[in-house]
Amino acid sequence: GRFPDARFLEIKAIQQLIDRADVVCATCVTAGGELLGNRTFTRVLCDEATQAHEPAAMVPLTRGCRSLVLIGDHKQLPATLLSSAAQRLRLGDSLFQ
């Protein structure tokens, strides 16, 4: 891009905020993203866990999780998966199933 220094400064500022935070919120998939670097999280709370696919829900658990809380209503919408091949492999199952 035209402003690589600006993007670098933005990422650095975000990472400094994350370093000072008591709580970090992210989607399951972005919890594995570059922005969080090699940070670890011993406690993970997964909201709407009945709607999260099992492979996606596993992403934050790879960051040093020792305590997991799953929150969700099994009577509401299930995890949605559009790929029939992935459905046959049961990749659309949530941790609640």
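The questions and answers below go through the fold of one protein chain and then some of its residues.

The model is predicted, so local features need pLDDT of at least 70 and side-chain atom pairs count only at pLDDT 80 or more, while totals for chains, interfaces and linings use all residues. Residues are numbered from 1 along each chain as its sequence is written, and side-chain values use heavy atoms, with hydrogens and water left out.

Me: In what order do the elements of the protein chain run from the N terminus on?
Reply: Helices (H or I, at least four residues) and strands (E, at least two) are taken as DSSP runs and numbered from the N terminus. The protein chain holds three helices and two strands. Read from the N terminus on, these elements follow the order α-β-α-β-α.

Me: Why does the protein chain count as more spread out than a compact globule, and what is its radius of gyration?
Reply: The radius of gyration is taken over C-alpha atoms, and the globule rule is 2.2 Å times the number of residues to the power 0.38. The C-alpha trace of the protein chain spans about 45 × 30 × 20 Å along its principal axes. For 97 residues the globule rule gives 13 Å, and the protein chain is more spread out than a compact globule because its value lies well over that, at 16 Å.

Me: What percentage of the residues of the protein chain count as buried?
Reply: A residue is buried under 20% relative accessible area, exposed over 50%, and partly exposed in between, with a 1.4 Å probe and protein chains only. Of the 97 residues of the protein chain, the buried part is 21%.

Me: What share of the contacts with a separation of 6 or more comes from residues 24 or more positions apart?
Reply: A contact means heavy atoms within 4.5 Å. Among the contacts in the protein chain with a separation of 6 or more, residues 24 or more positions apart account for 64%.

Me: How far apart are the C-alpha atoms of R43 and S67?
Reply: R43 has its place in strand β1. Along the chain R43 and S67 are 24 residues apart, whereas their C-alpha atoms are separated by 4.8 Å.

Me: Is A49 buried or exposed?
Reply: A49 is found in the loop between β1 and α2, and it touches L70, I71, G72, S94 and F96, not counting residues up to four places away in sequence. The C-alpha atoms of A49 and L70, 21 residues apart along the chain, are separated by 5.7 Å. Because its relative accessibility is 2%, A49 counts as buried.

Me: Which residues does S94 touch?
Reply: S94 lies in the segment after α3 (84–88), and at a relative accessibility of 3% it counts as buried. Not counting residues up to four places away in sequence, S94 touches A49, T50, A52 and E54.

Me: How far apart in space are E54 and L95, C-alpha to C-alpha?
Reply: E54 is found in helix α2 (residues 54–58), and its relative accessibility of 35% makes it partly exposed. E54 touches L91, D93, S94 and L95, not counting residues up to four places away in sequence. E54 and L95 are 41 residues apart in sequence, and in space, C-alpha to C-alpha, they are separated by 5.5 Å.

Me: What phi does R90 have?
Reply: Most residues other than glycine have a negative phi. R90 is found in the segment after α3, and it is exposed, with a relative accessible area of 55%. Although R90 is not a glycine, its phi is positive, at about 65°.
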